[in-house]
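Subject: Handing over a structure

Dear colleague,

I am passing on the structure we spoke about, and below it you will find what came out of going through it. Please keep it open beside this message while you read.

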Amino acid sequence: GAQGAFWEMHDVLFATAQEWSSLPEEQAIEAFAGYAEDLGLDADRVQRELEDGTYREKVLASYNEAVAIGLGGTPSFLVNGRVVPRGVSPEAFIKMTVSESPQAYDGPPPQVIDPTKSYLATIRTSKGDVLVELLPDVAPTNVNSFAFLAQDGWYDGQTFFFVQPDVVAYSGDPTGMGMVLPFSGFVCEDEIGPGATFDDAGLLAMYAPSPGRNSGMFFITMAPLPDINLQYTVIGRVIDGMEVLSSLAPAQPGDGGTPDSIDTITIEER
């Protein structure tokens, strides 16, 4: 790129990937310099800049930015800052999300809870109420995010888009498609301590597709799930309403059924 042949080298590298992908670093650099020479570039400069790491920080910065916003590879499409999942056309994504989703916020939520106090969340569903004791002492950032979204009405009307009876129920995706995107417009880091185990039913946790990507999606367990211990941030425990969870209609995205929904979620400070 520094010599005005970014895309030319790009095409060569893709075409020759099987030749260089398994080479040790020193031999790979020599191969890249050879490709540059074939393109009429200054091969010595290419080799020197690779060996010196001239553009390493720039490349790593771009890579880290891609990881932070959830890009899965190339090509990737973004609509209003949201990554379009592979297999979904930008047009379909716009129809499913931009025109129908609740508000996407411009940054992290304000502080709406006091981590030293106790809080109850009442998830009012089409089948009844589920009462959850939140755990701000365990996961203060994620509890604050959940409480903010709940108090602002962000969850109102959203469905339990995936329900495996007597196992788990998911909500918090405004498209109801299980797209696992940061529809809230922000993400929160994981808060996974030694107690983040799923050895009991009735745990409320944030679902993230990769570490540090908690947003609005959450799940509630209806059975012990020890296989996912220490993988997700637990933010609460159900203290009443397990029978309501058990009565939720089985659902999965695209099955044509009518999933149960959340009327609203209220937060009470104790």
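Predicted model: local features only at pLDDT ≥ 70, side-chain atom pairs only at ≥ 80, totals over all residues.

Phe162 has a relative accessible area of 26%, and it is partly exposed, because buried means under 20% and exposed means over 50%.

Phe162 also has a partner, for Phe162 and Tyr170 form an aromatic pair with 5.8 Å from centre to centre and 75 degrees between the planes, which is edge-to-face. Tyr170, with 18% relative accessibility, counts as buried, since that value falls under the 20% cut-off. Both residues belong to one aromatic cluster, which is formed by Phe161, Phe162, Tyr170, Phe198, Tyr207, Phe219 and Tyr232.

The structure holds 16 aromatic pairs, and another of them deserves a careful look. The ring centres of Phe146 and Phe218 lie 5.7 Å apart and their planes stand at 85 degrees, so this pair is edge-to-face, given that an angle over 60 degrees counts as such. Phe146 sits in helix α7 (residues 140-151) and Phe218 in strand β8 (residues 218-221), so that the pair links distant parts of the chain, 72 residues apart. Phe146 is buried, with a relative accessible area of 0%, and Phe218 counts as buried at 0% relative accessibility.

Turning to the protein as a whole, you will find eight helices and ten strands in it. The radius of gyration is 24 Å, well over the 18 Å that the globule rule gives for 270 residues, so the protein is more spread out than a compact globule. Taken along the principal axes, the box that the C-alpha atoms fill is roughly 70 × 40 × 35 Å.

Of the 270 residues, 39% are buried, while the protein exposes about 14,500 Å², of which carbon and sulfur atoms supply 51%. If you consider the contacts between residues at least 6 apart in sequence, 67% of them join residues at least 24 apart. The protein has 13 positive and 39 negative charges, and the mean positions of these two groups are 5 Å apart.

A colleague

Terms used. Residues numbered from 1 in each chain as written. Heavy atoms only, no water. Helix = DSSP H or I, 4+ residues; strand = E, 2+ residues; numbered from the N terminus. Rg over C-alpha atoms; globule rule 2.2 N^0.38 Å. Buried < 20%, exposed > 50% of the residue type's maximum accessible area, 1.4 Å probe, protein only. Contact = heavy atoms within 4.5 Å. Areas by Shrake-Rupley, 256 points an atom, 1.4 Å probe, with all protein chains shown as cover. Lys, Arg positive; Asp, Glu negative; His and termini not counted. Charge placed at Lys NZ, Arg CZ, Asp CG, Glu CD. Phe/Tyr/Trp six-rings, centres within 6.5 Å; stacked < 30°, edge-to-face > 60°.
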